Amino acid sequence: MFLDLSVVKQHLRVDHQEEDELIEEMMRSAESRCEAYLNRDIFVSEEALNDAVSSGQTLRYPMVITPYHKQAMMLLVGDFYYQRESAQEATQHLPNAVLSLLWADRIRGA
């Protein structure tokens, strides 16, 4: 995972462990949604990216994660966490703050 549970919990202002599994699932979902929006394969480090390239994996415009991407993921976890009861209002759209953080690195039309 790209995000650290303790940092995400601080962002959410959660100081208990009862929802750790739920938050971790939200973290995985946020990471997946952001990666899908970017239309790229994201790696935690240059070394991990190079390992994937050298192993012959098929990659979609690979790149190393940036602080902007991590912030977008944390904002999306917050959206998931605080809006989890309004599933009937869920859409395919990402919040504007998330989009603004990811937009510059997005591969369009691929």
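## Salt-bridge exercises

Being three residues apart in helix 2, Glu25 and Arg28 are separated by about one helical turn. The model is predicted. A search of the whole structure finds three salt bridges.

**Exercise 1.** Find how Glu25 and Arg28 interact, and classify each as buried, partly exposed or exposed.

*Solution.* 
- Step 1: check the contact. N and O lie 3.0 Å apart, and the two side chains form a salt bridge.
- Step 2: classify. Glu25 has 40% relative accessibility, so this residue is partly exposed. Arg28 has 39%, so it is partly exposed too.

**Exercise 2.** Locate Lys9 and Asp20, then decide whether each is buried or exposed.

*Solution.* 
- Step 1: check the contact. The closest N and O atoms of Lys9 and Asp20 are 2.8 Å apart, in a salt bridge.
- Step 2: place the residues. Lys9 sits in helix 1 (residues 5-12) and Asp20 in helix 2 (residues 20-38). The pair links distant parts of the chain, eleven residues apart.
- Step 3: classify. Buried means under 20%. Lys9, at 10%, is buried. Asp20, at 17%, is buried as well.

**Exercise 3.** Work out which parts of the chain Arg60 and Asp41 tie together.

*Solution.* 
- Step 1: check the contact. Arg60 and Asp41 form a salt bridge, with the closest N and O atoms 3.5 Å apart.
- Step 2: place the residues. Arg60 is in the loop between helix 3 (46-54) and strand 2 (63-64). Asp41 is in the loop between helix 2 and strand 1 (42-43). The pair therefore joins parts 19 residues apart in sequence.
- Step 3: classify. Arg60 is partly exposed at 34%, whereas Asp41 is buried at 16%.

How values were computed:
Residues numbered from 1 in each chain as written. Predicted model: local features only at pLDDT ≥ 70, side-chain atom pairs only at ≥ 80, totals over all residues. Heavy atoms only, no water. Salt bridge = Lys/Arg side-chain N within 4 Å of Asp/Glu carboxyl O. Helix = DSSP H or I, 4+ residues; strand = E, 2+ residues; numbered from the N terminus. Buried < 20%, exposed > 50% of the residue type's maximum accessible area, 1.4 Å probe, protein only.
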